[in-house]
Amino acid sequence: MESGDGGGGKLGTLKMKEDRNGGGGGEYGVDSPSMNGGDLDVSVSSPFTRQKAAAAKQIIENHYKNYLQGLHDRLERRRTLQRKAAEAQISNEEEQEMLRNLERKETELMRLQRHKVGIDDFELLTLIGKGAFGEVRLCRAKTTGQVFAMKKLKKSEMLSRGQVEHVRSERNLLAEVDSRCIVKLFYSFQDSEFLYLIMEYLPGGDFMTLLMREDILCENVAQFYMGESILAISSIHQHNYVHRDIKPDNLLLDKNGHVKLSDFGLCKPLDYNYSTILLENEDFSIQDTNMAEAEGNSRPDGEPWSMPKDQLLKWKRNRRVLAYSTVGTLDYMAPEVLLKKGYGMECDWWSLGAIMYEMLIGYPPFCSEDPRITCRKIINWRTCLKFPEEPKISPKARDLICHLLCDVETRLGTRGGVEEIKAHPWFEGCQWDKLYEMEAAYQPVVDGELDTQNFEKFDDVEDPTAELPRVGPWRKMLTSKDANFIGYTYKKSDGLKALGSSGTIRSKGASKTPSLSSLFGQVDLKEGVIPGGEQKHLSS
């Protein structure tokens, strides 16, 4: 229906004009009414009211952004189907039938997308990890039986410890980066108490377990795992994220023994202003002689870098305990991070250099029982970075380590990016494009999809379902705590129920006209992708 002034019905009563004071009338250019006819004084509203208003604004923007993206994706799929049909020169009747099949699958896809995924959709199984802010356990989708790893974070802990932005960055990176080198995210959602990330389960365990079992790796094996780790780190750098927490327990192994990067709780987009989040009040300008004294090192040669053998063995025994502590392990942190200097991607390459040292020597280059001593050693790396007489490593390996554990200005990867590291002589003969296709250096033992033998054992004394609020009514009453996590929900399109192909239309008679399957491989709307195009993600 048209209004008398041609304004398009009731919507015509909203006059989109600039504010009297020269402003834009708000973000959408609509005048805000007030009781006295002037501008609304926001100072009279409470902080909680303003927070809820901002939350409502974000919810509305997310809704329409996702709606428009979905509309664009559907149009692209239809155009692609029509183009492929035209190239195959199929009949008009067959093309129309394929389009009708496509529409039916699109309808089914939208129905599945409207389903609100929640904790009630999963059966909670074995606890496989504990950290400072939450836990990770195995879970199984009740409808499909598919096994996932569920990461659960307590909202109150995230808020009290100032981790909201880190949680958002982790979710955003996992939703944005689609790479075989990093752990895959299928869903993220929340209830009144917890945040949840539903990710692929990698039953091979973490790289720390491998290092603890093998102690020292030969250089050929180390080259394989260094190569896959470089590809994994590079995959997030390409999206302008820096990980900031590269360490062996964040490198997971799939069932075939290939590396995937995980745990992005400290990652940051590179357009942020960086500042260190560790030990901010500590003074690391202590001299090397004090480090030796603090270590209790009474060796006659006075080498401040060396741990006594008994302390080194104790460190190896306790490394799992330290990894799960609130402080965490600092053995792989770059000095520019600890010194509260500006830093970027190059800090991840330092961490990888420390891991390479551990692969070949048997322990990190700056390890200590006392995290403060570890930090001081890292800051004074010029004095503390030494190589023991045994085990012996090749000159090329030593050179690569020294060009990763060094000043930012001379560190490999700072100027030439990942290609600069790949070109190092130690990687001579490395088949970078085939690393994930070849057989892994170590094949983990995995007995079934629920096998957790490659992970640390935890006492799961509490009923995992006892403290879980049910999904539902809380969505209608947005609390101040929930407002901090608006937009956290995510649903990866290939996590949806399989919908099958959009149909195979065969031409009549003996014609060799290609079927739909041969045109597309398979029009699989559950993955939201047409072969040859880019994968589409669904997030809200």
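A search of the whole structure, which is a predicted model, finds 16 aromatic pairs, where rings of Phe, Tyr and Trp (its six-membered ring) pair if their centres lie within 6.5 Å, and planes under 30 degrees apart count as stacked, over 60 as edge-to-face and the rest as tilted. Phe148 is buried at 2% relative accessibility, and Tyr187 is buried at 9%, where buried means under 20% relative accessible area, exposed over 50% and partly exposed in between (1.4 Å probe, protein chains only).

Next, select Phe224 and Tyr225, an edge-to-face pair with 5.0 Å between centres and 80° between the planes.

Over the ring of Phe194 sits the charged end of Lys152, 4.4 Å from the ring centre; the rule asks for NZ of Lys or CZ of Arg within 6 Å of the centre and within 35 degrees of the ring normal.

Finally, select Cys402, whose sulfur is 8.4 Å from the closest cysteine sulfur, in Cys406, too far for a bond. The count of disulfides (pairs of cysteine sulfur atoms within 2.5 Å) is zero.

Residues are numbered from 1 along each chain as its sequence is written, and side-chain values use heavy atoms, leaving out hydrogens and water. In this predicted model, local features need pLDDT of at least 70 and side-chain atom pairs count only at pLDDT 80 or more, while totals for chains, interfaces and linings use all residues.
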